[in-house]
Amino acid sequence: MQRRHFIKLGSVVLLPWVYGCGTEYDPIDTVAYPIQLQSDIQTGHLIWQAAQFPWVETSRKKPYDVLVVGGGVAGLSAAYALRNTDLLVCELSDRWGGTAGSQAFKGLEMCQGAHYDLTYPDYFGAEAMETLTELNVVKFNTASRRWEFVDKQWIIDDKTESLCYSGGYYREDVLPDSPTLEPFFERINSFIGQMRLPTRLIDPKLHPLNTISFEQYLQKDFVLSDELVRAINYQLMDDFGGQMQEVSALAGIYYYAGRPYFNEQNETFSPPEGNFYFVKKLMNQLPPDKLRLKHLIKKIEKKTDVFEVEIIDVAAKQRQLIQAKAVVYAGQKHALKYVFPQDYKLFEHNQYSPWVVMNFVLHPKADLQGLDGIFWQNEVVAGKRPFLGFVDSAAQTPQAAYRTLTAYFCFSPQDRGGLLDFEKKANDLANDAAERISSYFKVSKAYFDKQVVKVFVNLMGHAMPIPTTGYLFADKNAQRSEKGMIYAGVDNSRLPLFVEALDSGLEAAKQVKNFLKMA
């Protein structure tokens, strides 16, 4: 039984240095291929060095209607909905997309974040579906009652969709055969049609499921084998960054009942650049002169009738002041401690799962034929963080000049301190990933290393808010200190999913429009 055909499992033993046990692990100094690291951690830390940067006067004499902070899906969807206003969008990174980012290499686009979505049932939110229709992303199929993707070339073939490795054996499904599975899914299936996206549309009578963990919910009626627990924990980490004892029962039920996975086939949509595909669709509708990369928001202060904003131009190492009538804050909320401290308390209990995405670019003639076929999603059930397997581009673009294996690592919030030093130890994780990928393909690591042209690594320290108990249905906009400061993003009490991010931006834009009318 599968969810997507069930999103399969993959994990690996966590490197000792991540646990702070460097004495037990002998790190390597070099690997057989170049590694390029993408990380915004040091860029974010410029907030403490900015006092040294000179001020630059802006020629602009009037305030913007709205400043959008953050260039991920939430920020860009808000900007899209506000595109006819006088707006400015600032993103601290050198690329757009946030956790839906991408990496280019010799004409190829590779995913460096969220990498797929599924067809949308007719009970998903109208506003999000209307926006995706306007962007020519989906079209409603009246026969199937689903919103289906227009660009059919990126639908993954069901025959090559996934393979799971567990306990020394390959299998199709992540969830192992178990006497518990049938009653488990009988219970879960009763929620199909009620688990709507965005989650703000879920019936309040189901909200009590947000107050207990998925583990507590399951333990009331089921006895789960260790193997089944490992599988469920992986699936929850894959989408939500946490395990069953961490995520709420409502989040766990949504994972399995968000779509009618067992009653009909759901198409898996996965372009080579992953969800950056959607980012490009949004950006194509925005005026380029209103978009600023490598611009870090240092401070936001409310004046009489405007917000005064201190911005750091990261590339030029300069500071400037602008004014805006309203702000959509779609950036990472932990930064509010310094940027807008009066509202930091609204988000201070958020728990974030750090992620690392690693693209192994292989030579055009790389031969990895140890398996019976090529599969898009390749996952290894091991039961421990952080390795979640890899995506193989040969199942998406078999005629491309290069083959790319994109590996995913999901860390626990407690491991973030170790990741802060990751820039000095990128070789270690790349070497570990290469070891596990080569083993998966039944080839030696020395052979695999010779197939690699280059490795791109994207480090995201606050990549995914974990939907813990009590996290959902608590939109912080209801408690914000200033009406003109509106919060968007999945870290505002949303599940960490594309439609949630899109909708949060659209909802923030509605509030901006209402505020500007009243101002």
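## Aromatic rings in a predicted model

At a relative accessibility of 1%, Phe 185 counts as buried, because buried means under 20% relative accessible area. The model in which this residue sits is predicted. Phe 184 is likewise buried, its relative accessible area being 2%, and the rings of Phe 184 and Phe 185 form an edge-to-face aromatic pair.

A pair of aromatic rings is described by the distance of the centres and the angle of the planes. The structure holds 33 aromatic pairs, and the table sets out two of them.

| Pair | Centre to centre | Angle between planes | Arrangement |
|---|---|---|---|
| Phe 184 and Phe 185 | 4.8 Å | 80° | edge-to-face |
| Tyr 329 and Tyr 487 | 6.1 Å | 65° | edge-to-face |

What does the pair of Tyr 329 and Tyr 487 tie together? Tyr 329 belongs to strand E16, which covers residues 318-329, while Tyr 487 belongs to strand E22, which covers residues 485-487, so their pairing ties together parts that are 158 residues apart in sequence. Tyr 329 and Tyr 487 are both buried.

Ring pairs also build a cluster, in which Tyr 120, Tyr 123, Phe 124, Phe 149, Phe 269, Tyr 277, Phe 278 and Phe 498 are linked.

Charged side chains meet aromatic rings as well. Arg 83 lies over the face of Tyr 80, at 4.0 Å from the ring centre, and Lys 333 lies over the face of Phe 347, where the value to the ring centre is 5.8 Å.

Note on methods:
Residues numbered from 1 in each chain as written. Predicted model: local features only at pLDDT ≥ 70, side-chain atom pairs only at ≥ 80, totals over all residues. Heavy atoms only, no water. Phe/Tyr/Trp six-rings, centres within 6.5 Å; stacked < 30°, edge-to-face > 60°. Buried < 20%, exposed > 50% of the residue type's maximum accessible area, 1.4 Å probe, protein only. Helix = DSSP H or I, 4+ residues; strand = E, 2+ residues; numbered from the N terminus. Lys NZ or Arg CZ within 6 Å of the ring centre and 35° of its normal.
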